[in-house]
Amino acid sequence: MSRLPTPDEVSLARVLEQSRPMAVLEALWNEEPTSGPGIVEALPATVRAKAEAAGAHEWLRGLSQLVAGIEEDWAVRVGRVYPDATEALVADVTTADGSPAVLKLIVPRHGDAAVNEITVLRLAGGDGCARLLRHDVGRHALLVERLGPSLSELGLPIGRRLEILCDVASRVWRPAPDAGLPTGAAKGAWLGTFITQLWDRLDRPCAERTVAHALACAERRVAAHDDERAVLVHGDVHQWNTLRGADGFRLVDPDGLLAEPEYDLGVLMREDPVELMGADPRDRSRWLAGRTGLDETAIWEWGVVERVATGLVLTQVDLQPVAAQMLAAADAIATMPT
């Protein structure tokens, strides 16, 4: 079974990717095809920093040769590099028959990020997730279909966004007992350790009762894990990972878990904290449960855990005001009667 990274190995860049529009990052493009030594120059600073932090110095030194080898072996031509990528070199490519696609070269690091992502995309088979065209686990390389704009770019009201996110997430959920992915129980235990350590490291930026509440919710979700009910889940369903295709929306960048499907909806509970607290916050979990026929308590509890974990990471990278908004919501929710 694939393992989760230790708390010290967690990718801050992952959360930056999720919150990219909140930070008002613009998706600018290199206009000319990029290959050879130019690929190293076009690598986003965040990806370079992540590679250096992960000790992937050989990957950085050999990146231009890696790209050249992929171009030759897969008969593709690398074009514009995505400057807002955070965990990988991501670039537009053109295949031998002129079809557009996207190349993703994931920074090698501890854990099984590339294996897990490839596994999810392979199992989904283009249903709910971007279609996987080719992959090479040894080179941490994926070739996927090129999709259109993200849901975050479309300016839709939150209610409509939640409808789309529920529907696209549910297309991914399916039995996959032998997939070798981490379980929801493993993820819940990992999040509990991560929250405790990072809260201390950051000099406790939210109330102690908030952390205790999150840990209690995580413990209940760990205890509730049932291998018989667990399904393939994306693990990071939000509007920036949801892109429009010719036949509807599809998800990209899956983390990949075998968990209760409520996990994916818990991620939706952590997002848009100001809007969440503008009414009874349980209205959203009730709505999500009604939309999907899933358990409202499980959705709520995963949301509690995800909100605190993500709020702490955003605090660490000083992504404001959303970090403060998320932890303020967590503090308020921790005082609510159960």
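Within what distance do the axes of helix 7 and helix 10 come, and at roughly what angle do they cross? In this predicted model, local features need pLDDT of at least 70 and side-chain atom pairs count only at pLDDT 80 or more, whereas totals for chains, interfaces and linings use all residues. Residues are numbered from 1 along each chain as its sequence is written, and side-chain values use heavy atoms, with hydrogens and water left out.

The axes of helix 7 (residues 158–172) and helix 10 (residues 262–270) come within 10 Å and cross at roughly 160°, where helices (H or I, at least four residues) and strands (E, at least two) are DSSP runs numbered from the N terminus, and axes are lines fitted to C-alpha atoms, for helices over the stretch in contact, with angles from 0 to 180 degrees between N-to-C directions. The two helices, helix 7 and helix 10, are therefore roughly antiparallel, a term for angles over 145 degrees. Leu 162, Leu 165, Cys 166 and Ala 169 of helix 7 meet Asp 264, Leu 265 and Leu 268 of helix 10, contact meaning heavy atoms within 4.5 Å.

Strand 4 is joined to strand 5 (residues 141–145) by four bridges, the two running antiparallel, and Leu 132 has Val 144 in strand 5 as its bridge partner.

Definitions and conventions
Two strands pair if DSSP finds at least two bridges between them. Angles under 35 degrees count as roughly parallel, over 145 as roughly antiparallel, 65 to 115 as roughly perpendicular and the rest as oblique.
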